[in-house]
Amino acid sequence: MPSVLLVDPEPSVIFTLRMILERDGYLVRTANSHRVAAALLQDESWDILITELDLEAEELGLRLAREAKSLRVRPAIFVYVSYPDVDRLRSALALRVDYCGFKPLEVEEIRNVVRLLLARHSASRNDGLQLSMGR
């Protein structure tokens, strides 16, 4: 079962997104702060990280995405933002997150993006496994 780490400071957003993702068959863990999410990233392997760009402070979600990219087994990264501006979007794009969305997120957008990112993520993991086995 694909695993999702969902990070947002708003309980209502966590509740709604978790319900949608669990209904679609994903194993979902949640965090409402950078500190908790960073610990979960280090302790477990994730298929996808979904995070608000601003957690307790501006761009802590981006910092979390940066930390996720540094992991040996990197999850697909989906960030979303409530109040986009050009500089913040450039920061996310420069980090090369897998998807950047804007609140309010539509249910079908979430479902489609997660499905696409997990398919890509699974394919890239399989490619890496084949390369390492071929050595």
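**Salt bridges and overall fold**

Nine salt bridges are counted in the protein chain. The model is a predicted one.

The side chains of Glu44 and Arg29 form a salt bridge, with an N to O distance of 2.6 Å. This pair links distant parts of the chain, its members being 15 residues apart. Glu44 sits in the loop between α2 and β3 (48-52), and Arg29 belongs to strand β2 (residues 27-31). Glu44 has a relative accessible area of 33% and is partly exposed. Arg29, at 34% relative accessibility, also counts as partly exposed.

Two further bridges each lie within one helix. Glu67 and Arg63 meet at 3.4 Å, N to O. They are four residues apart in helix α3 (residues 60-69), so about one helical turn separates them. Glu67 is partly exposed, with a relative accessible area of 23%. For Arg63, also partly exposed, the value is 43%.

In helix α5 (residues 107-134), Arg111 and Glu108 are three residues apart, about one turn of the helix. Their side chains meet in a salt bridge at 3.3 Å, N to O. Arg111 counts as partly exposed at 23% relative accessibility. Glu108 is partly exposed as well, with a relative accessible area of 44%. Elsewhere, salt bridges that share partners join Asp8, Glu10, Glu52 and Lys103 into one network.

His34 is placed in helix α2 (residues 34-43). Its contacts beyond four places in sequence are Leu55, Glu56, Leu60, Arg63, Leu64 and Glu67. His34 counts as buried because its relative accessibility is 9%, under the 20% limit.

The protein chain has five helices and five strands. Along the sequence they follow the pattern β-α-β-α-β-α-β-α-β-α. With 135 residues, a compact globule would have a radius of gyration near 14 Å, and the chain agrees at 14 Å. The C-alpha trace spans about 45 × 35 × 25 Å along its principal axes. Among contacts between residues at least 6 apart in sequence, 62% join residues at least 24 apart.

Of the 135 residues, 41% count as buried. The chain exposes about 7,600 Å², and carbon and sulfur atoms supply 54% of that area. Charged side chains number 18 positive and 20 negative. The centres of the two sets lie 6 Å apart.

Technical notes
Residues are numbered from 1 along each chain as its sequence is written. This is a predicted model: local features need pLDDT of at least 70, side-chain atom pairs count only at pLDDT 80 or more; totals for chains, interfaces and linings use all residues. Side-chain values use heavy atoms; hydrogens and water are left out. Helices (H or I, at least four residues) and strands (E, at least two) are DSSP runs, numbered from the N terminus. The radius of gyration is taken over C-alpha atoms; the globule rule is 2.2 Å times the number of residues to the power 0.38. Buried means under 20% relative accessible area, exposed over 50%, partly exposed in between (1.4 Å probe, protein chains only). Contact means heavy atoms within 4.5 Å. Accessible areas come from the Shrake-Rupley method with a 1.4 Å probe; for residues, only the protein chains shown count as cover. Lys and Arg count as positive and Asp and Glu as negative; His and the chain ends are not counted. The place of a charge is taken as NZ of Lys, CZ of Arg, CG of Asp or CD of Glu. A salt bridge is a side-chain nitrogen of Lys or Arg within 4 Å of a carboxyl oxygen of Asp or Glu.
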